[in-house]
Amino acid sequence: NSFLSATFTRGQKMNNRIKVNIFAFITVLFWGSGFPFTRIIGSDISSYSLCFLRCLVSAVVLIIIGKFCHIRKPFCKKDILWFFLSGILGFSAYFVFFNLGLSTLTSATGSIITAASPVLTAIGLHRFYGERINLIGWISIACAFAGVAVLLLWNGILSINIGILWMFLCAAVFAGYNILNRTFSSKGYTAIEVSTYSAIFGAVQTLIFMPSAVSDIMDADISSCLSALYLGVFPGAVAYFFWSKAITLAERTSEVTNYLFINPLIAAIIGFLLLREIPDMGTFVGGAIIIISVIVFTLKGDPDAPVKLKESSE
């Protein structure tokens, strides 16, 4: 019996690992496409209007999916506040920073900066949940930040592209969203519940942008409107659902967040095909430093043990 039980457990873990890889890859594929599609919209729809549209479409699609999945209500009032914060980190603030960043950056440059999110997530887990980071990990983190500095200062300190700072904030708030995802999972929430409630609160938080969004949509061309719809459905609702699902099934958050370093490749390829974007030399140099740092951190700096969350004091 113990042999059969052990075999079943190993099989279950292997099955979960396969699902984690599939869900995470689908997510970054959609997210990678989000960079050039946001660039396609350009100035037709403002950054704030697009934030509202993405949050609204994501929330509507996830509510429809949630109806079929029979999502439960938040377990307690305290969790509602956490979902409100999750809506800020994963949707409202994230989309605003994302859109503002891409108003001055190419798809490749923007995606390279957000690839630092796994490192920021690991720092958060270390700070709040005591997850260990070894010496190589800390060196990798320092190198990743140095890569961001190279991108920021490549053309001189007087020619700083503010979009890089917006995109770094984007990576930072998403790291917070990843940590909250893991926390919700430990409390027993399903992937669809986490993504749906986060999207709903994100949509509520961006209602202030609704009047300008309506005005922008009326004036925008059909390609921009369809791009906004695509961003809300696929890089929005579908990708967030698969992302939460992957984090729920993973033994370690890093197993999922490490997939983010694939984003620059996907974004660069689609950006070149759709927009003929060619990154400058600063993107290649700074991007190489960031990506190599993240890969080294993934292989050598990540903790060996699964994430163990501290007991929640409710």
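This is a short chat about a predicted model.

Reader: Before we dig in, what should I know about numbering and cut-offs?

Author: Residues are numbered from 1 along each chain as its sequence is written, and side-chain values use heavy atoms, with hydrogens and water left out. In this predicted model, local features need pLDDT of at least 70 and side-chain atom pairs count only at pLDDT 80 or more, while totals for chains, interfaces and linings use all residues.

Reader: Great. At what angle do the axes of α2 and α10 cross?

Author: Roughly 50 degrees, with the axes of helix α2 (residues 47–69) and helix α10 (residues 222–249) coming within 8 Å. Helices here are DSSP runs of H or I, at least four residues, numbered from the N terminus. Axes are lines fitted to C-alpha atoms over the stretch in contact, and angles run from 0 to 180 degrees between N-to-C directions.

Reader: And which residues of α2 meet α10?

Author: L50, L53, R54, V57, S58, V61 and L62 do, and their partners in α10 include L229, V233 and F241. Contact means heavy atoms within 4.5 Å.

Reader: Switching topic: is S195 buried or exposed?

Author: S195 is buried, with a relative accessible area of 0%; buried means under 20%, exposed over 50% and partly exposed in between, using a 1.4 Å probe and protein chains only. S195 lies in helix α8 (residues 191–205).

Reader: What does S195 touch?

Author: Not counting residues up to four places away in sequence, S195 touches L62, F91, Y177, Y240, F241 and S244.

Reader: Last one: how far apart are the C-alpha atoms of L29 and F234?

Author: They are separated by 9.8 Å, though L29 and F234 are 205 residues apart along the chain. L29 is in helix α1 (residues 2–41) and counts as partly exposed, at 39% relative accessibility.

Key
Helices (H or I, at least four residues) and strands (E, at least two) are DSSP runs, numbered from the N terminus.
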